[in-house]
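Visitor: I would like to go through this structure and ask what the words mean. Please set each value against its definition.

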Amino acid sequence: MYGTKPSIAALKAVETFKKNGVKNIIELGAGQGRDTIFFAKEGFKVFALDYTLSGINSIKSKAESLGLAHLIKTKQTTAYES
């Protein structure tokens with residue numbers, strides 16, 4: 001779940017997304033953004049959601065420093081309550 005390299009799920013998803021012509025991704029629970037950044041580096045537009053402001057800020061900072069901000073939009077969400 002944690003780390004700096006993309007998750008195994010993200011690696012497999014990119015293959016499927018490219019094969020099926022996917023261009024836009026919504027990532028739920030983006031965390032610190034390791035998969036968000038990976039997807040953007042692969043050319044996808046990513047809408048990353050996370051409930052922590054620190055996670056969102058981390059993603060924004062990484063995206064800007066890597067020149068990927070044009071591919072990544074973020075939003076802080078709140079926990080679902082019924």
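Visitor: Leaving aside neighbours within four places in sequence, which residues is Ser7 in contact with, and how do you know?

Guide: Ser7 is in contact with Arg34 and Asp35, once its neighbours within four places in sequence are left aside. Contact means heavy atoms within 4.5 Å. This is a predicted model, in which local features need pLDDT of at least 70 and side-chain atom pairs count only at pLDDT 80 or more, while totals for chains, interfaces and linings use all residues. Residues are numbered from 1 along each chain as its sequence is written, and side-chain values use heavy atoms, with hydrogens and water left out.

Visitor: Why is Ser7 called buried?

Guide: Buried means under 20% relative accessible area, exposed over 50%, and partly exposed in between (1.4 Å probe, protein chains only). Ser7 has 13% relative accessibility, so Ser7 counts as buried.

Visitor: Where is Ser7 found, and what lies 3.1 Å from a polar atom of its side chain?

Guide: Ser7 is in the segment before helix H1 (8–19). The backbone nitrogen of Ala10 lies 3.1 Å from a polar atom of the Ser7 side chain. A polar contact is a pair of N or O atoms within 3.5 Å; within protein, one must be able to donate a hydrogen and the other to accept it, and residues adjacent in sequence count only if both atoms are side-chain atoms.

Visitor: How many helices and strands does the protein chain have, and what makes a run count as one?

Guide: The protein chain has 3 helices and 3 strands. They are DSSP runs numbered from the N terminus: helices are H or I with at least four residues, strands are E with at least two. From the N terminus on, their order is α-β-α-β-α-β.

Visitor: What makes helix H2 mostly covered?

Guide: In helix H2 (residues 34–41), 7 of the 8 residues are buried. Arg34 and Asp35 are among them, as are Phe38 and Phe39. The cover over the buried residues of H2 includes H1, strand S1 (24–28), strand S2 (45–50), H3 and S3. Just after H2, Gly43 takes a positive phi of about 100°.

Visitor: Why is Glu42 called partly exposed?

Guide: The relative accessible area of Glu42 is 33%, so Glu42 is partly exposed. Glu42 is in the loop between H2 and S2.

Visitor: Which residues does Glu42 touch, not counting those up to four places away in sequence?

Guide: Glu42 touches Val14 and Lys18. The side chains of Glu42 and Lys18 make a polar contact at 2.5 Å.

Visitor: Is His70 buried or exposed, and why?

Guide: His70 has a relative accessible area of 57%, so His70 is exposed. Its place is in the loop between helix H3 (53–65) and strand S3 (72–76). A polar atom of the His70 side chain lies 3.4 Å from the backbone oxygen of Gly67. His70 and Lys45 are 25 residues apart in sequence and 8.2 Å apart in space, C-alpha to C-alpha.

Visitor: How do you know what a compact globule would give for the radius of gyration?

Guide: The radius of gyration is taken over C-alpha atoms, and the globule rule is 2.2 Å times the number of residues to the power 0.38. With 82 residues, a compact globule would come near 12 Å; the protein chain has 12 Å, so the value agrees.
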